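Please keep the sequence and the model in view while reading.

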Amino acid sequence: MGALRDGNWLDAARVRRVAVACLLLYIVMIGVLFATANGTIDYKGRPLGTDFSQVWTAGTMVWDGRAAEVWNWPSHFAVQREFHRSASVDLYGWHYPPPFLLVAALLATMPYLAALFLWQAATLVPLACLAQRYLGRRDGWLFVAAAPVSFICIAHGHNGFLTALLLGGGLILLDKRPLAAGLLLGCLVYKPQFALLIPLLLLVTWQWRAIFGAALSSVALIAVTYAIWGWPVWQAFLDSLPLTRAVVIEQGSTGWEKIMSPFSAVRSWGMAVGPAYLVQGAASAAAIGAALWLAWSGRPGLRNAAATAAVLIATPYVLDYDFVVLLLGIGFLWKDGEQHGWGDYEKSLLALAWIAPLVARNLAGLTLFPLGLLTACIVLGIAVRRGITASPFRRSRAAFAR
């Protein structure tokens, strides 16, 4: 237990060996997946990149003049099956606001597999570089590239890297370049369930230039989509929200084991929808409150770590590949630990949070244990504990006791 308490088993050489082994394993697995595929369909009958199928085909519908039909699930589904030439392709529904159609339309100008590769590389590489620069280590890129959650995101062809890049970049720049930070944070309008905390955090920290930047970029994205496609796409998006809420969130058609929110956890245990929303509301309020307290009184690294965890806990709809965001929270806490010292079990708990996505989905499916949600709570809890320890009141009491 002593090794777990002080975390000395996490020496640099061991961490590097584990990361390299994980990275090589992912490369082999992805290689096998593509080698055994038939066109754009893998050996299990799924599109390569699975969820990327909805993005690329949505883009093709835009170029065909059918942008508003993207939110019509049967129409979008038919386009996906027609493109992949397979009746076994499952439904990958489109739930995003219109600004994400800009990305989809751009990707659809390329062949499917080329677009999939570019999409993941163009978002993963900058995120890995951001981590390396922030951590100040030559092998810092491995922290992101070799993470199990990164493999999950790549396998799903998803936007977790983009979300993490916008949120993490915005938080890192917040104190020194607030306008640029706001511009990045405002782009999260494409995934609004992750932006719930942001306006409150900026208000608590009196970051008026960041607020202006966030308003500017978000309004610009909305205006561009309106100028290109008009109101019909926004009407289609708004009309789709009740169905998304009922089928995807409340009924869990995606799978409770994939959705890693407090709402999903208690629903998987049999709780009714109404009480589950109360649980989610309480968890959201607690997570947001903790993040705002650290934004007001804590060190920037603790504020940033709490923010990355809180955005995951505060939404009822968050999937395992979205936990790329939590990688940044782990990184923020690791840097804070190197600068200010470590508490008991902190290193070991952060290592658990890093490796957990490797088994979190399967574990939840087999046992209903929400390991993914727990890792977000761990990151938030460590940030809060470090914030309490570092608070002026706590330090003054300790000095008086001596």
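The expected span of a helix is 1.5 Å times one less than its number of residues. In this predicted model, helix α2 (residues 12-35) has 24 residues, and the 34 Å from its first C-alpha to its last is close to the 34 Å expected. The points below take up this helix, the nonpolar core, a helix crossing and the cysteines.

**Helix α2 and its cover**
- The buried residues of α2 are Ala19, Cys22, Leu23, Tyr26 and Leu33.
- Among the elements that cover these buried residues are α7 (140-145), α8 (148-155) and α18 (346-355).

**The largest nonpolar core**
- This core contains 119 residues, of which Phe52, Trp94, Leu101 and Leu197 touch the most other members.
- Leaving aside residues up to four places away in sequence, Leu197 touches Ile288, Ala291, Leu292, Ala307, Ala310 and Val311.

**The crossing of α10 and α12**
- Helix α10 (residues 178-186) and helix α12 (residues 208-229) have axes that come within 6 Å and cross at roughly 35 degrees.
- The crossing of α10 past α12 is right-handed.
- On the α10 side, Pro178, Leu179, Gly182, Leu183 and Gly186 take part in the contact; their partners in α12 include Arg209, Phe212, Leu216 and Ser218.

**Cysteines**
- With a disulfide taken as a pair of cysteine sulfur atoms within 2.5 Å, the count comes to 0 disulfides.
- Cys187 is in no disulfide, and the nearest cysteine sulfur, that of Cys153, is 18 Å away.
- Cys187 counts as partly exposed because its relative accessibility is 24%, and buried means under 20% while exposed means over 50%.
- Cys377, with a relative accessible area of 37%, is partly exposed.

Conventions
Residues are numbered from 1 along each chain as its sequence is written. This is a predicted model: local features need pLDDT of at least 70, side-chain atom pairs count only at pLDDT 80 or more; totals for chains, interfaces and linings use all residues. Side-chain values use heavy atoms; hydrogens and water are left out. Helices (H or I, at least four residues) and strands (E, at least two) are DSSP runs, numbered from the N terminus. Buried means under 20% relative accessible area, exposed over 50%, partly exposed in between (1.4 Å probe, protein chains only). Contact means heavy atoms within 4.5 Å. A nonpolar core is a set of buried Ala, Val, Leu, Ile, Met, Phe, Trp, Tyr and Cys residues joined through side-chain atoms within 4.5 Å. Axes are lines fitted to C-alpha atoms, for helices over the stretch in contact, and angles run from 0 to 180 degrees between N-to-C directions. A crossing is left-handed if the near helix is turned anticlockwise from the far one by less than a right angle, and right-handed if clockwise.
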